[in-house]
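Hello,

The structure we spoke about is below. My notes on it follow.

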Amino acid sequence: MYFAQIILPLNLKGTFTYKIPDNLVEEIELGMRVLVPFGGKKIYTGIVSELHDREPETFAAKEIINILDEKPILPKEQLEFWQWLSNYYLSNIGEIYRFAFPSSLKLESETYLKLKPNVEINFENLDVNEMYLIQALEVRQMINLAEIEAFIPKKLIVKTINSLIDLRYIEVDEKISETYKAKEVAYLKVNKDVLRDNFLPEVLKSLNNAPKQKDLFLLILSKQQENEDIPVKKSFVFEEGNFSHSQLKALIDKGIIEEYLLQKDRLKSYEGKTEDLEALTELQKIAKSEIDQAFENDKNVLLHGVTASGKTHLYLDKIEDCINDGKNVLFLLPEISLTKQIIQRLEKKYGKSLGFYHTKLTDFERVEVWRKIRNNEIKVLIGTRNALFLPFQNLGLIIVDEEHDFAYRPREVSPYFNAKDAAQILAKFYSANVILGSATPSVESYYAAKKDKLSYVFLSKRFGNVDLPTVELINFEEEQKLQFTKGHFSFKLIEEIKGNLEQKKQNIILHNRRGYANVVECETCGYVHYCSNCDVVMTYHKYSREMKCHYCGQKATKPTVCPKCNSENINERGVGIEQIEEELQKIFPENEVDRMDVDSMRKKFAYEQLYEKIETGEAEIILGTQMISKGLDFDNIELVAIPKADALLHVQDFRAEERAYQLITQVSGRAGRVSGKGKILIQTYNPQHPVFKLIQENSTTEIYNHFLEERKKFLYPPFVKLLMIELKHRREDKTDRASQFLGSVLRKYLPAECVLGPEKSPIARIKNLYQYQILLKLPKGKNYENFKSLVLKSFEEFDEITGYHSIKKSVFVDF
């Protein structure tokens, strides 16, 4: 007997053992999808992860129902990658499967069965349940599991289906079960017999009494002869003339016109001309040789290039090398919607051999990309972190652009993993190379490069030796004392913007806070409006005239009187981007102010429209949150202003300084990319802060040394491994007890100094779930795996407590 370990799309620990039926032993392979019963009547699409002959000792293994693929849908490299993710990030492999696969390739209990075509059934050999099912299929053609329950006992459903599959009387209908359907387009062509042996005059003569049919026939004929390589779309004939479907049907019935269907991609391919690569500059050639040397030594590369240094140009050159070697490329971006320019550049280079994969695609579109990758039809794939799970056949290079970006490791999406780190592991399984690129690398990547775990390549100058922007700090406290301010802008900042506008140059204003005001407060009794689902104050959005919770999305109207004391003395506190926009419109009434944040970009094509306004110069002042620091590469932006820079540092996070540095540097890089006359104005109450001073001095080494000293002093990454455990439940007392118990178990196995907490999360309740956190600081190196095994042992002990099964436990490794 042979058995298989099957990965099911369920958030359960480990894989599941199934018996392989004798008729499937020769067909089954690793990476194939199979239909398997699970938990009574339910059936799931599983992935074969291991084949063996070890019969389970404690239970009788159920049989695999059927194989869904003729060849493996998942390469072994991906199976190894899934297993690594599961082990490293302490997540269930079924959860990874659910995240990795398009839902149309996963089948659950809506499995449809049908009779095999032209099958002769010997009813004498069937039991009563098998006869019922065959008779039902003869009447209904197709039937799903839920409908079978009406006439076959639940316990016997799988046995009955298996028996009829073994007899080759029935089969699983894949088209129905997968739900994916290829998009088909109708085309028309003139019957080839009409064009042969001078038959055309007779056809025209036969249509004299039907002038509309004749006109329709001539239109199709002329279009077909105009370009034989391009088929005539059915929709085209109705767009071109006043024809009816009955007239077309008449021509088809007469055998003059033929209608046929062609499968069409849902994704539009680039149709323009491709361009050759531009020559590298001398500095880029040096950087490329360093990258080549690193790859020869089997080392991945951290490409640290100042903004506008030509990192993308280097990427393109290495992509070209990879394609010439017959291999494929994965180009990871943090957010697909904010990268229009880089996509345009790649489209012009690689045309139809370029593909895209991200969450904004429909499920059917994702299936099409999946199949193209499996069939090796796409040479360069641009994608977000989801693209790591595609079934690459011959991966040679992974580029992680803006490797520092926190969009690569969102905590809100399960399973949690850092795409930058995962990309390097995936590359190992494929024997591929990796380039991590950024103008502001993460502290961990910079440290790894300095420890020679990554090869460090530095581009210190902008393309064309264009000067970096100058940075000026404005002491806002002094400006206020001298009354040289207007709202939240100093006179100096206003004059700089005004002078830039007079020169017909564009300006960027960064303010990384949504809404109009952080708090709406009663001045009489101090009442503030909290979200009823979360322990956060609701933010006032003036343009939509509502209070919003940015965690659960709850909305409410702004109170005109205090609900507690009935006072009308209601005021707004805190400064959001809408308030900055209002001030700018008052200060510069003659100029266009455009806002880029999550709220203003919700409408369809909003980003594309703003992008076009910036490109044409119509947008004079562009105000934005952190969105504005990505993907804007325009010649006419000369000034970047940050009116409330201190807010970037006042965040309860050990990475606050690093993030502030990265955001300021990234948005600064938008200025003076061509002229070299860019200017950055940072308005702050604390101009002596080391982050602001080091940004002004443009001292890369010193600022990273500053971050590393702070991290080493207080024991934070990259000097330790951080694991954060989060417990959630609707009852606070139960969450508190569970966290205290888990904390005590962890201290039983781990040194006391490694376990911090439990404590309430910084926001104690979100979406009506109370949250407690335990932070683990574990030593790096050989001992780490031992400590992690003890953490897993602690989880097992915690999970044995029946009363805590309703507690939702999340683990974030290297968060």
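**Notes on the model**

The mean positions of the 114 positive and 120 negative charges of the protein chain lie 3 Å apart. Here Lys and Arg count as positive and Asp and Glu as negative, with His and the chain ends not counted; a charge is placed at NZ of Lys, CZ of Arg, CG of Asp or CD of Glu.

This is a predicted model, in which local features need pLDDT of at least 70 and side-chain atom pairs count only at pLDDT 80 or more, while totals for chains, interfaces and linings use all residues. Residues are numbered from 1 along each chain as its sequence is written, and side-chain values use heavy atoms, with hydrogens and water left out.

The protein chain has 25 helices and 35 strands (DSSP runs numbered from the N terminus: helices are H or I with at least four residues, strands E with at least two). Of its 815 residues, 52% are buried (under 20% relative accessible area, with a 1.4 Å probe and protein chains only). Its C-alpha atoms fill a box of roughly 100 × 80 × 70 Å along the principal axes.

Strand S22 (residues 506–510) is largely enclosed by the rest of the structure, because five of its five residues are buried. Gln506, Ile508 and Leu510 point one way from S22, and Asn507 and Ile509 point the other way.

S22 pairs in the parallel sense with strand S30 (residues 637–642) over four bridges; pairing requires that DSSP finds at least two bridges between the strands. Strand S29 (residues 621–624) also runs parallel to S22, joined by four bridges. Isoleucine 508 stands opposite valine 640 in S30, and its bridge partner in S29 is isoleucine 622.

Regards

Conventions: Buried means under 20% relative accessible area, exposed over 50%, partly exposed in between (1.4 Å probe, protein chains only).
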